Each structure stands twice: as structure tokens, then as C-alpha cells.
Amino acid sequence: MATMAVSLVAAVGIAACSSSGSSSSGTSSGSASVTYNEGTTSVVNPSNQKGGTLTFALSSTPDSFDPGNTYYAWVLDFDNLFTMPLFTYKSCPGTCGAQVVPDLATDLGTTSDNGLTWTFHIQPDVKFENGTVVTSQDVKYAIERTYDRSVLANGPTYYQVLLADPSYPGPFKDRAKNLMGLSSVQTPNATTIVFHLVAPFPDLPYVLAFPNTAPVLPSADTGTNYQLHPLSTGPYKFQSYQLNKQLTLVPNTEWNPATDPNAKQLPSKIVVDMNVNQADVDNRLLAGDIDIDAQGTGVAAAAQARILSSSSLKANADDPFTGRAWFAYLNTKVAPLTNLHCREAIEYAVNKQTVQTAWGGPVAGGSIASTLDVPVIAGYKSFDLYNALSQPAGDVAAAKQQLQLCGQPNGFSTNLAYRSDRPKETAAATAIQASLAQVGIKVTLKGFPSGSYYTDFAGSPAYVHSHDLGIDMGGWSADWPNGFGFLDELVNGNTIAPTGNTNISELNDPVINNLFTKSNTLTGAARTAIWSQIDMQLMKDAAVLPMVYARSLDYRSPDVTNAYIWDQFGMYNYAVLGVKS
Amino acid sequence: MIFFIIRRLILTVFLLLLVSLITFAIFFLVPRLAGQTPYELAAQYVGRNPIPSEIKAVEIKLGLDAPLYLQYGRYVKGIVLGVHYSDGTDVSYCPFPCFGYSFRNEQPVWPQLISDAPVTLSLAIGAAVLWVTGGVAIGVLSALRRGSFFDRFSMGVALAGVSLPVFFTGLIALELFSYKWSVFPNVHYVGITTNPLLWARNLVLPWVTLAFLYAALYARLTRAGMLETMGEDYIRTARAKGLPERQVVIKHGLRAALTPIVTIFGLDLGLLLGGAILTETTFSLPGLGQFTILAIQNQDLPEILGVVMIASFFIVIANMIVDILYAVVDPRVRF
């Protein structure tokens, strides 16, 4: 009891002492020249000043810090602090940041064998944090281990589709082959790695920009425990990690900045507090106690109001596109939406303004969308087939005209699937229901749990057909910022699957399918031009009802240096941040 | 007395087994009765875009294809001896005491529980000290000054304390003392072994918030008990004997009034040690309460099962201690 009392008194004492120190940096606006949204187009507080502690917090937890076992956008961004994958995205603000560039690799590689073979060289002088020189075998091993989904279940599965031996079991079950049994990836020497594909795939460098190509030293691989301390090749290394609670990074002394121009080593310590409730994250952020919300999905409603009503706080905020689109699939196999004009009636009739409000309004929700593709994706072109931008409250006259053409002049009935545990999606579904009722389209809302939405309900064509789910809510972010990365899984007829289906419209338009096939034979501007053609065609098919291009209101502490939105992830580039001492 | 304690210990073990059996049945038997297949259950444990063979491997690895009584037997055996999860080629070992293996985190549950328990322990014990001392002192003074301004004021505050939820008082405390005035800036948990002063500083607000809720209840209970006790004949006798008032109040009045307080304290503390969910969430303290919330959000059944077991353990143990204390105070309960 006495100890407790002494601690309490002492605690109050040190709290009082520390209060004056932190409040001064709390809500100041930092440099006078800093403005709202500056981080979306330029570097805020550029500096090479070293030292200080950069503090992140977030309301959730990572899927894994094992670079071979993650798919969360913020972790993919954060991993650049302690990994060097073969490729990364250029460290610069705006659309510049969507360019894939070599990281561990020396260049973008060469192709041969009609695009079936890719050869890359890696930098010879990159080291792990323990001083061991990185070899191409370490990269191959990193890729091999992702094949074992019983150990690394979370990451992408592109290699199984792209490479020649999809049934390779992974090195944890393949020890007899000296951990190097994946025949479609070869390492003729310590700095060369060769990939053999089953079909030409021009986007391979984007796939190799996932952190699962960051080298892993086989002798240091602890399987499921590797997430607790991955061996660093980046500017920082793990000092301590309490699973799902707190991570502390310190500078990696073996890192050579000359080999990694897209990252910096400025703070002397980086701390990440996890599982902090969102209101606490926002308040600490605004009070200056933490520097960045690592999750990168923006502040919650209460903090939004505070930021937008205060010029000093607003100057430290950015409102970028997140790269995500919110939309509704219009299923082409569920009557009466099998008729194009019935689908077009929906496109015209929906009030996009009320839907936008449901998603959180123009700042934290998103901009009204008229296309499926989003503005940050290479190849995006703006067009407005259904007057979403010119008549955002809905074009009732045009909708009624389409109903006549579809043979349902008094409207029709259909069901709408949505994730009932997502408040914004629920509100958007209700807004769609209300606006379609104005033209006689009676929509019955069918809510499902998000955990099984794609596996058992909207993503199961059999279930969709048997339950007449004509309209199905959806959202999408690209794995890489071009039209293939964004559109292929959504509208390519080849991707319709019996479960986990993401082409919920079940669109199997030969024009679109052929454009995707053609895209694999093209490069550069010719290939980029394909994406807007696909976007236009799918909108002509009225297979998707675009709702909003998502935005988030992000706050950066005025103490943070080198802050800018990295377009690939729609959040700050964590690998270059510093703090004012 | 020894036999009484042994009896209670044996009963405690049976009680914990019963809790584990019921919890296990809720998580694994009920879904099966509702039509969920072991394959569908296993699908919850694999990552994105799994292929059927991966789901099957997890089903075998977790033993979900075995009869339920065997699965329960393996669970209990794991607690005592540890267990290997194997699909024939890949083996994950969960050492003693194995309270399940989280295939979301790819980690055994027990080390996570152990790592979170000190946070909850710090919060609950610190707050308990405050609410017992504060609540009982206010209750006694209110009873002795019945009808005074102090009595009415303190009972009014107590009523507010009982009525206001932790997530309200906690947020107000954070807004004022952390975000606005920075008396306790950047509240986050620091281990007592890392820095005892920071540990205490960061826990002051959670302690006071939690203690405010409970102290109010204890003050009202103590006041009622004291009013009743101080009206008893033996108190009048004690005064008639010429005992000092302090001795009458503390030795004769308070001691008798504390009996129900001890009972409820044991239950409250036991419940809190299993995870002060609201307080931990409000102050973002990574204790058992937050662990529980995260486990529920992730539908991580082994973790939920583990936290239910540890919460039950604390409650059962707290009850046992209360029973033993009762037996010391009143020998009639031993029989």
C-alpha cells in the first residue's frame, strides 16, 4: 500500500513536470508555409535531420510483420523500413509515387523466350542486419516459403498462378531438396535470379514489389515466429516486438543508404503502438503525443470535425484518394438485371449525393464516381455515361426511359446484398434503396457478415442466383497501380469463381476479355491505353454502379518531416519520415 | 480448516473443468449441431484465397475431423502436458500449459495471456486499493456524519459514480487531463519493471476512473452497513464501557460492517482480473480485456477459450479466498 501511495505521488509529480514540455508542440501548426493537402502533391517539411523518436499508433493490429505473410496496405508500406524487396515504388509525392523502381534489383530486368523468362540481377553489397551478404538464393528462398500456406497464410498468391510449378509445397516441407526446390525460379549465381512463367506477364515487376521478395536467410527463418523478428535488410531493424502491442525499431547499422535511395534512416527510434482505440489515436495525434496514424485510413468523425474547423489543424491534414473504389455490382445473370436497360435504369436513378453522404461525405468518404477505375490508377480517364457528375441527384427521367426499354415501365423488384456489420455500407445500401424506390424499383436489403461475404454469399454465384441478389455492394483497391492490377479481378470473365468470386457481376464480355489478353502483349503507353477502354466497355455494359472514389482525412504531426502521400498506398511514405528534434 | 481448504480446492478444479467443458461445447458442439462442418470451421483459420487442400490440412492439423470428445480430451491434455498440432508434414508445438494455439497469430495462446495479465493485474490491483480505501473511508465518514453536507455531497457523488459508465468518465478524464491540460500526456502502458514511475504515471487516470465507479458503490454499501451496525446494542455497550470513539468505530463498528464488503470485493476483483474490458479499451491498455475484444473481432476461438478459462480461474480463486476468509471469521461456514 505504501509503495502504491509513493508511486502515485511520484507519478503525479513527474506528470506535472512533463506537461509543460509536451504541450508546446501539441497543436502548433508547425511551419507557417504548410498548407492543407500539401502532402498530396509535395514533400511537407523536407529535412535530413537525424535523431528523435517517430511514434506511430493504430487502432488495429498487423496481419503479420513477416514480409512473406502480409497483405495489409499499411504493413506493405511499413515493411519498407526493414526490408528491401526486389522492387519498390519511387519515393516521391503525387503520381510519381506510383512508378515501380528497382530496390534490391539493379534494374527492371530483361525478358526472353517471348516474355516467359525474366532475368534480374541484385545488388552485390546489400547485407542483412547480422552482416551476412544477401544473395539471390535468399530471394528465391523468400519466394519459396510463401508457397506454404499452412505457415504463411496471409500474403498474395500470384506465384502459384504465374510460375511453372504451382504445387511446390514450400521449403518447410521440402527440406530434402536443400530448401531450393522451386524449379521455376533459378539462381545461376549469387547475384542473378531467373523466373520462368507459364504465360507472358508484363506486370511481373509489380508482383515482385511485394515485400515477399525481400531476402530471407534460410538459417534465420523461424517459420511462424519469423514475424517476431524478421532479419532486416532495410534502414531499421527490430529492437523489440510484443505481438500485436508494441514494436520498436532502431537503425540497422549494416544498411547502406547508397543501395537503397528510396528509404531514409532519420529517427533514432521508431515506436508503433497497436490496438489503441481510434478516438485515442486521433486525440493523441492532435495533442502531439504521436506522429502518424499507421493505419492510414484517416481520422474518425469527431476528429474530422475538429480538424476541418481549425485552420491550424487543417494545415497539417491531407485528404488524398486512398486508391479504393466503393461500388455496387449489378449482376448480369439475375433477372431482370439480365437486361442491359434494367441495369442502366439503376445507373441513372441512384442519387449519388445521398450515397456519397452515406460513405462519409466528400472529405472523409470520397468523391462521386462515374467510372470503376479510380483517379490514382495509371490509365484512368474520366467520363460520365450515366450523368453521375452532371446530375448527381439522379436522372429520374432517363431512368424511367430505360425502364420502358427493359419492358418494366412500372419498375421491378430485386435484392441488394451488403455487409451489415459495416455502418457506412449499410447507410449506402439504404440510400440506394430509397433513390431506386422513386422510379418504382423495389429493393429488399439483405445483410450478411463481412467475414463470409465473399466466400458464402455475394462471392458465391450459386447463392447469388438462388437468392436473386441482383445488386451486391463491393469495394476494391488495386494490388498495383495500373488498370490490370485494378480491373482484372473485377471484370475479366476468366476470374468468375464458384466461391471467393470478385467478379460478382459475372460479366463475361468477350470485348473486355480480349482487351485483357491483348494487354499482355503490349507495353508502355499502348498498354496503358487499354485500361480506359475496358473501363468504358464495362460501364457501357452497366455491370457496376460506381459510388465514390474513396478519400481519407489524414493528419500528420507538425513535428514530422518529409511527409507526403505515397500514391501506391494512399497514405504517408513511412520509409522516409523524420522528426524535428 | 485444512480439510475445508482441500475440499474447496478440489471443488475449484471441478468447477474449472466444468467451465472448460461448457465453453468448449458452445464453440465446437453448438456450431456443429447448427450444421457447420469441420471443413467450414477450418476455413476460418486459413488465409486469403485458400485452396481446398490447405483447408483440409488445417482441419487435420487442428483435429477438427475427430469426434468432439476426443477434441476436448486433447484440449485438456494440452493444458497439462502440451500438444503437437500436425497435418502429417507440418508440426506446430504448443508447450505446457497449452490453452490452445491461435492459428490467426500462429502463436500458442498461453504466452499471450501471460504477457497481457500484468497489465490487467496492474490496473485492477491499483484501482482496488483506491476504491477500497476511498470508498470505505467515505462510507464511514458519511455514516458518522449522517445528514451533514459532507454526507449528502459524498452520497450524491457516489450516485454519479455508480451511474456514469467507465467509457464516459474515462473519456472525460482523458480529454481534460491528457489531451487538453497534458497533466498525464500520452497515456500508454509501460511495464513496472521497465520504469516504475512511468508505470504509475500512465495508470493514474485508469486507476482513478475505475476506482470512481467502484468506490461509489463501496461508499454506499459501507455507509449502509455502518449505520446499521452503529445502532446495535453492543456499540452502545462499548461506548458505555468508556472506550474511545475511534476504537468503537474502527474495532467494533467497521469490522462488522466490512463483512459484506469483503464478499463483494472478492467477486469484483476476480471479475476485473479476467479483463477490465471497458477501462482497457478506453485507455488503450493492452491487457486481458483488450485481448478478449481482439479475439472476438478475429473470431479466434482458441484465444476466446483461453481468456474464458483464465477469467474463470480468477473468479473461482477469488471466491475461494473469500470463502476461506469467511471461514476464518465465522467457523459455522466450514460445515
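Let me begin with a pair of helices in chain B. The axes of helix 1 of chain B and helix 4 (residues 68–81) of chain B come within 11 Å and cross at roughly 130°. Axes here are lines fitted to C-alpha atoms, for helices over the stretch in contact, and angles run from 0 to 180 degrees between N-to-C directions. Helices (H or I, at least four residues) and strands (E, at least two) are DSSP runs, numbered from the N terminus.

Before going on, a note on the source: this is a predicted model, in which local features need pLDDT of at least 70, side-chain atom pairs count only at pLDDT 80 or more, and totals for chains, interfaces and linings use all residues. Residues are numbered from 1 along each chain as its sequence is written, while chains are lettered from A and ligands numbered from 1 in the order in which they are written.

Back to the two helices. Helix 1 of chain B and helix 4 of chain B are therefore oblique to each other. For that wording, angles under 35 degrees count as roughly parallel, over 145 as roughly antiparallel, 65 to 115 as roughly perpendicular and the rest as oblique. Their crossing is right-handed; a crossing is left-handed if the near helix is turned anticlockwise from the far one by less than a right angle, and right-handed if clockwise.

Which residues meet between helix 1 of chain B and helix 4 of chain B? From helix 1 of chain B come S20(B), L21(B), F24(B), F28(B) and L29(B), and from helix 4 of chain B come L68(B), Q71(B), Y72(B), Y75(B) and V76(B). Two residues are in contact if their C-beta atoms, placed from the backbone, lie within 7 Å. By class, this contact has 8 nonpolar, 2 polar and no charged residues. Ala, Val, Leu, Ile, Met, Phe, Trp, Tyr, Cys and Pro count as nonpolar, Asp, Glu, Lys and Arg as charged, and the others, Gly among them, as polar.

Now chain B as a whole. Chain B has 13 helices and 4 strands, and its C-alpha trace spans about 85 × 55 × 40 Å along its principal axes. Of its 335 residues, 43% count as buried. A residue is buried if 20 or more other C-beta atoms lie within 10 Å of its own, exposed if 12 or fewer, and partly exposed in between, with C-beta atoms placed from the backbone. Among contacts in chain B between residues at least 6 apart in sequence, 65% join residues at least 24 apart.

The domain assignment of chain B gives domain 1 (2–106) and domain 2 (110–334); such bounds come from an automatic or database domain assignment. Taken over C-alpha atoms, the centres of these two domains of chain B are separated by 34 Å. Their contact takes 19 residues from domain 1 of chain B and 20 residues from domain 2 of chain B. On the domain 1 side, helix 1 (2–33) and strand 3 (101–102) of chain B each supply at least two residues. Helix 1 of chain B gives the largest share of that side, 11 residues. The side of domain 1 of chain B that touches domain 2 of chain B has 11 nonpolar, 6 polar and 2 charged residues.

Chain A next. Its domain assignment gives domain 1 (33–78 + 230–320 + 554–579), domain 2 (99–224) and domain 3 (321–551). The centres of domain 1 and domain 3 of chain A are 33 Å apart, taken over C-alpha atoms, and their contact takes 9 residues from domain 1 of chain A and 9 residues from domain 3 of chain A.

A helix pair in chain A: the axes of helix 16 (residues 483–491) and helix 18 of chain A come within 10 Å and cross at roughly 30°. These two helices of chain A are therefore roughly parallel to each other, and the crossing is left-handed. G483(A), L487(A) and V491(A) in helix 16 of chain A meet I530(A), W531(A), I534(A), D535(A) and L538(A) in helix 18 of chain A.

Last, some backbone details. Most residues other than glycine have a negative phi, and most peptide bonds are trans. A cis peptide bond joins A335(A) and P336(A), with omega about 0°. Another cis peptide bond joins F96(B) and P97(B), with omega about -10°.

Is A542(A) buried or exposed? With 25 C-beta neighbours inside 10 Å, A542(A) counts as buried. Its phi is near 50°, a positive value in a residue other than glycine.
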